[in-house]
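Welcome! Let's take a friendly walk through a protein model, from the whole chain down to single side chains.

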Amino acid sequence: MIRRAVTPALRRTPYALGYNQFSMFRKVLVANRGEIAIRVLDALRRLGIPSAAVFSDADRAAPHLRHANEAYAIGPAASAQSYLNIERILDTARRCGADAIHPGYGFLSENAGFAAACEAAGITFIGPPASAIRAMGLKTEARILAHAAGVPTVPGMSQPVSGFDEARCMAASLGYPVMLKAAAGGGGKGMRAVRGEAELEAALRDASSEAESSFRDASVYLEKLIERPRHIEIQIFGDTRGNLIHLGERECSLQRRHQKVIEECPSPFVERHAGLRERMGAAAIAAARAAGYVNAGTVEFLVDEQANFYFLEMNTRLQVEHPVTEMVTGIDLVEWQLLVASGRPLALRQEEITRRGWAVECRVYAEDPYRGFLPSPGRIDRYEQPSGPGLRLDSGIEAGYTVPFDYDPMLAKLAAWGSTREQAVTRLRDAAGRFLLTGIQTNLPFFVELLADPGFASGEIHTGYLAEWLARRTGPEPCARQETVAALAAALATAATPAGAARPARASNWRALGRDTLLQ
Ligand code: MV4
C-alpha cells in the first residue's frame, strides 16, 4: 500500500487525509448496554465502521440493539453470566469477525484481565493497556504511583494499618480528624471519618468489617481528613506515540451516597482560581504518564477550600460524564478513542485544546425521590424528550420499553450547554421539567428543584452539599430499613393511583406532593 506523505497541516485533521474509516477497524463489538452502548454505536455508524451489539436475555428488546449492524445474545440476565462473561464476549467477537471491542463504562471496562484477554486474542481493546488498568486498579498502589510521580496525595499512609496501635500512632502524628479507607476499593465503602482518638477503635473495627464484606479484603489505611472537599476530575487522553494531553476539568461534587448526580464543565471553583486548571492538568498528565497510559482516562482529585488538590484515584475508562467535556471542547471522545486505538496520533496538541461556554449534566435514574430514591423500574408509557438550543440527551430508553430490574437504574443523561453557567443551568432545569417520562418514577422532579437551589446556583458546592441539602428538605425517613420503605412504597402506590395509571414525572407533580416528602 502506498502511504502518502502526510504534511504537518494535515496530520491533525484525519478527515482531510481522505480518511478511510475502514482503515480503522473491520468491525467493533460494543460490550455494553443502555445509553453508553447507543453512544458508542452511533459514533461507529457516523464513522462508517461496522458494529456488533450484545444483549442478555433481559435485553432482547433493548433499544441499543437497533443502533448496531448486528446483535448477539450473550447469556442470561445476570451480569456475571452475560455482560461480565469474558469468554462469551470474546467468543462473540471472534464469531462475528470483530477486530476491536469497546467496553463502554462499568462492566468489563476496568477489568485488566479482560483487556489482557483481548490483547492475547489479537482483538483491540478500545481503552488503555491492561498494564495501565492494573497499575491504577488498587487504590493504595495508585496513591504510591501518583506520589512517586510528584502528584500531590492526601497526607497519610499508603500501606494498610497493621492494627489499632499503629492506627493510633499514625492518627496522632497526622492530627485529627483523619479518614480511614478500604485499601481494596473506593466509592466510600469501608470509609470512616474519625474526629478524635476515642472514636478510633470502633471506627477501625467498622471500616475493616465493611471493607471485608465489600471487597473481601479487610485492610484499611489512614489519611488526613480533608474537610468539605470538592471532587474535581481531569480528563486526559494519550496516544500510542507518547502524546498525553488534558482536556480540562469536570466538577463532580454533587454526589449522593458516592454516586455522581450532577456534573459540570468547567468547575466554578477552578474558574475562580487562576492557574489551578493548569496545575491540576499537569498533575493528571504526570499520573497518567507514570502508569503508561493510552486512550481516554480521568484523574480524580479532592480539592480543599484553599485550592490544594490531592490525587484520589484514576479511572481507566471513558466516564459517564464525558459529554460535558465534549460540549465545551467540541471533541468527540469516542471518536478519539477509536482513532487512538487504531494507532493514530492525537488529533490536537495541548495548546490547540479550546474551551467555550459551560455544560451541566444530570443523570436521569429510574428511582423515586419521593420514597428514598428507591429504584423504580417498569414499563415506560409516554416518552417525550425535551429539545431546544444547547440540549443533549444520551438516552438508553424509549416509549414502551420496560426498564429491567437487573442493571443499574440510570436511564439517560440530560445535559445543557450555555455561554454562561447560568444559561446552562437554566436550560437544563427547563429541559428536566419538560422531559415527559411516565409509567415509572424518575428523579427528574428532584433535578427541577435542585437546579433552582441558590446554593447550587452560586457554585458554592462540595461533596457533602447534597446530603446537607436533602437533610434540610426532609424529615427522617419513615423507616430506615430499605425493605420496609419498599413495602410502604408499594402500599402507598396501590392506594394512591388506580391500577395502570401512573403519575407523570413532572415538576408539577413534585409541587403537588410538596417538599417535605423528599426522602434521603
Ligand atoms: C476523602 C474525603 C475526605 N478526606 N478522603 C469518597 C469516596 C472515595 N473515592 C474517596 N472519598 C472521600 N475521600 C479524605 N482524606 C472525602 C471523601 C468523600 C467524597 C469524595 C469525593 C466525592 C464524594 C465524596 C463524598 C463523601 C466523602
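## The whole chain

Of the 520 residues in this chain, 55% count as buried, where buried means under 20% relative accessible area, exposed over 50%, and partly exposed in between (1.4 Å probe, protein chains only). This is a predicted model, in which local features need pLDDT of at least 70 and side-chain atom pairs count only at pLDDT 80 or more, while totals for chains, interfaces and linings use all residues. Residues are numbered from 1 along each chain as its sequence is written, and side-chain values use heavy atoms, with hydrogens and water left out.

The chain has 18 helices and 22 strands. Both are DSSP runs numbered from the N terminus: helices are H or I with at least four residues, and strands are E with at least two. The accessible surface comes to about 20900 Å², and 54% of it belongs to carbon and sulfur atoms; such areas come from the Shrake-Rupley method with a 1.4 Å probe, and for residues only the protein chains shown count as cover. Among contacts (heavy atoms within 4.5 Å) between residues at least 6 apart in sequence, 67% join residues at least 24 apart.

## Nonpolar cores

In soluble globular proteins, nonpolar side chains tend to be buried together. A nonpolar core is a set of buried Ala, Val, Leu, Ile, Met, Phe, Trp, Tyr and Cys residues joined through side-chain atoms within 4.5 Å. Which residues have the most contacts inside the largest core? They are Leu29, Ile101, Phe237, Trp336 and Leu338, in a core of 61 residues. Helix H2 (residues 34–47) gives this core its largest share, seven residues. At least three residues come from each of domain 1 (8–126) and domain 3 (230–518), with bounds taken from an automatic or database domain assignment.

Leaving aside neighbours within four places in sequence, Leu29 is in contact with several residues, including Ala52, Val54, Ile89 and Ile101. A second, separate core has 40 residues, among them Phe373, Ala412, Ala431 and Ile461.

## Around the ligand

There are 18 residues around the ligand, and Lys181, Glu223, Lys224, Ile226 and Gln255 come nearest; here, near means that a heavy atom of the residue lies within 4 Å. A polar side-chain atom of Lys181 is 2.9 Å from a ligand nitrogen atom. The backbone takes part too: a polar backbone atom of Lys224 lies 2.8 Å from a nitrogen atom of the ligand, and a backbone N or O atom of Ile226 is 2.9 Å from a ligand nitrogen atom.

Taken alone, the ligand exposes 520 Å², and the protein buries 88% of that. Strand S6 (178–182), strand S8 (220–224) and strand S13 (309–315) each give two or more residues to the shell around the ligand.

Ser395 is found in strand S19 (residues 391–395). Why does Ser395 count as buried? Because its relative accessibility is 14%.

Ser267 sits in the loop between strand S11 (259–265) and helix H9 (268–271). Ser267 counts as buried because its relative accessibility is 0%. Its side chain reaches the backbone nitrogen of Phe269 at 3.1 Å.

Definitions and conventions
A polar contact is a pair of N or O atoms within 3.5 Å; within protein, one must be able to donate a hydrogen and the other to accept it, and residues adjacent in sequence count only if both atoms are side-chain atoms.
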